[in-house]
Amino acid sequence: SQLAGELSSLAASLPETGNTLLVLGEIAENHAQASHIRAVAQELQRAGKIRLCRLPQGANAIGLVQAGVLPGQTGKHASAMLDGSLKALMLFGIEPQYDFSETTRATKALLAATVVACSAFETEALMAVADILLPIGALPEIQATLTNANGVDQQAEAAGRLPGLAQSGWRVLRALYDQSGAQALAFTDIQGLRAIAVKQSAVSGTGKSLPAAKSEGFERISTTPIYRGDAVLRRAVALQAHPLTQGARLLMHPNDARIAGLSEGQMAKVGDGAGTAAIPVSITSKIAETCVWIECAYDATAPLSQTQPLAIVRAVL
């Protein structure tokens with residue numbers, strides 16, 4: 001009923017021409033009620049009120065869907081994998097302190113399971129949760145196929161030799177598959193893999209999560225810094241020195257800052273019930289009241305969930 005009311009209110013405010021373009025990007029995709037936002041948008045599209053554009057979350061997301069990398073009927077989606085029920089987990093190209101929307105919850109699930117990590121980098125955070133580390137090459141070192149947001153494949157060739165014992169990721173997965181005793185695969189190299197790959201259509205899901213209970217606190221706007229989206233970017237010294245890489249900050253509206261007793265540049269301790277962080281405050285009227293904007297993928301913000309409401313615990317003197 002709440003969704004229907006929101007839909008009716010939003011539909012009434014839109015012009016009848018149907019020329020309105022609604023773009024759902026990272027903020028909408030990472031929202032605690034992302035499935036409900038998509039459902040409202042899809043209903044508006046079906047009603048002819050809008051044209052809808054969904055920007056995929058994460059590099060190669062469209063390609064993964066087209067390749068069928070989705071949970072089957074008995075499979076688990078990402079959130080369900082982190083409920084503590086799995087005895088073994090595989091991480092593939094993931095840095096756990098940066099690449100989960102709920103880092104604290106993910107870390108607990110990983111510590112409770114046997115973890116095989118396929119990674120191009122050995123880090124303290126990864127080794128804290130991994131029982132087995134299998135070295136794989138980073139994108140500049142391997143042959144690969146990436147699919148852009150428009151569904152167009154872009155093939156990459158290796159720009160150098162793989163270091164040490166590292167292998168292309170698909171070779172590692174292939175070796176693990178062969179050891180499982182499953183039916184033999186009909187390819188021996190990446191060209192053969194590309195030749196037999198059958199693309200599926202990328203279709204938005206229709207399932208909806210349970211509505212979140214109304215809670216007190218600031219709603220977090222969470223985005224990924226432009227140069228911290230993957231392990232290679234995060235290690236590029238020049239990109240980390242770029243002005244767009246501004247470091248962990250808490251941006252908030254002047255009225256909220258005044259009520260909280262915070263000033264520009266002051267350190268504030270915030271918490272969401274699962275983790276806490278101490279980060280500097282930046283005040284701007286561009287942020288809506290009752291919201292705070294905190295970028296993810298920084299060490300300082302890693303303990304915080306990207307979807308839970310935040311409380312200002314105290315100012316740090």
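Colleague: Which is aspartate 256, buried or exposed?
Modeller: This is a predicted model, where local features need pLDDT of at least 70, side-chain atom pairs count only at pLDDT 80 or more, and totals for chains, interfaces and linings use all residues. Residues are numbered from 1 along each chain as its sequence is written, and side-chain values use heavy atoms, with hydrogens and water left out. Buried means under 20% relative accessible area, exposed over 50% and partly exposed in between (1.4 Å probe, protein chains only). The relative accessible area of aspartate 256 is 8%, so the residue is buried.

Colleague: In which helix does aspartate 256 have its place?
Modeller: Helices (H or I, at least four residues) and strands (E, at least two) are DSSP runs, numbered from the N terminus. The run that holds aspartate 256 covers residues 254–260, and this is helix 12.

Colleague: Which residues are in contact with aspartate 256, leaving aside its neighbours within four places in sequence?
Modeller: Contact means heavy atoms within 4.5 Å. With those neighbours left out, aspartate 256 has these partners: Phe218, Ala288, Glu289, Thr290 and Cys291.

Colleague: How many disulfides are there?
Modeller: A disulfide is a pair of cysteine sulfur atoms within 2.5 Å. For cysteine 291, the nearest cysteine sulfur is that of cysteine 296, 16 Å away, so cysteine 291 is in no disulfide. Cysteine 291 is buried at 11% relative accessible area, and cysteine 296 is buried at 6%. By the distance rule, the count of disulfides is zero.

Colleague: Which residues have the most contacts inside the largest nonpolar core?
Modeller: A nonpolar core is a set of buried Ala, Val, Leu, Ile, Met, Phe, Trp, Tyr and Cys residues joined through side-chain atoms within 4.5 Å. The largest one has 16 residues. Those with the most contacts inside it are Leu250, Met252, Val292, Ile294 and Leu304.

Colleague: Which strand gives the largest share of this core?
Modeller: Strand 9 (250–252), strand 10 (267–271) and strand 11 (276–283) are the elements that give two or more residues to the core. The largest share is three residues, and it comes from strand 11.

Colleague: With which side chain does the side chain of serine 222 make a polar contact?
Modeller: Serine 222 is in the loop between strand 8 (219–221) and helix 10 (231–234), and it is buried, with a relative accessible area of 3%. A polar contact is a pair of N or O atoms within 3.5 Å; within protein, one must be able to donate a hydrogen and the other to accept it, and residues adjacent in sequence count only if both atoms are side-chain atoms. At 3.0 Å, the partner of serine 222 is the side chain of glutamine 306.

Colleague: Which residue stands opposite serine 119 in strand 5?
Modeller: Two strands pair if DSSP finds at least two bridges between them. Strand 4 and strand 5 run parallel and are joined by four bridges. In strand 5, the residue opposite serine 119 is proline 135.

Colleague: Which residue in strand 7 is the bridge partner of threonine 145?
Modeller: Strand 6 (residues 144–147) and strand 7 (residues 153–156) run antiparallel, with four bridges joining them. Their hairpin has five residues between the strands, and glycine 151 there takes a positive phi near 85°. Threonine 145 has as its bridge partner in strand 7 glutamine 155.

Colleague: Against which elements do the buried residues of helix 8 pack?
Modeller: In helix 8 (residues 169–179), the residues Gly169, Trp170, Val172 and Arg174 are buried. The buried residues of helix 8 pack against strand 3 (88–92), strand 4 (114–119), strand 5 (132–135) and helix 9 (190–196).
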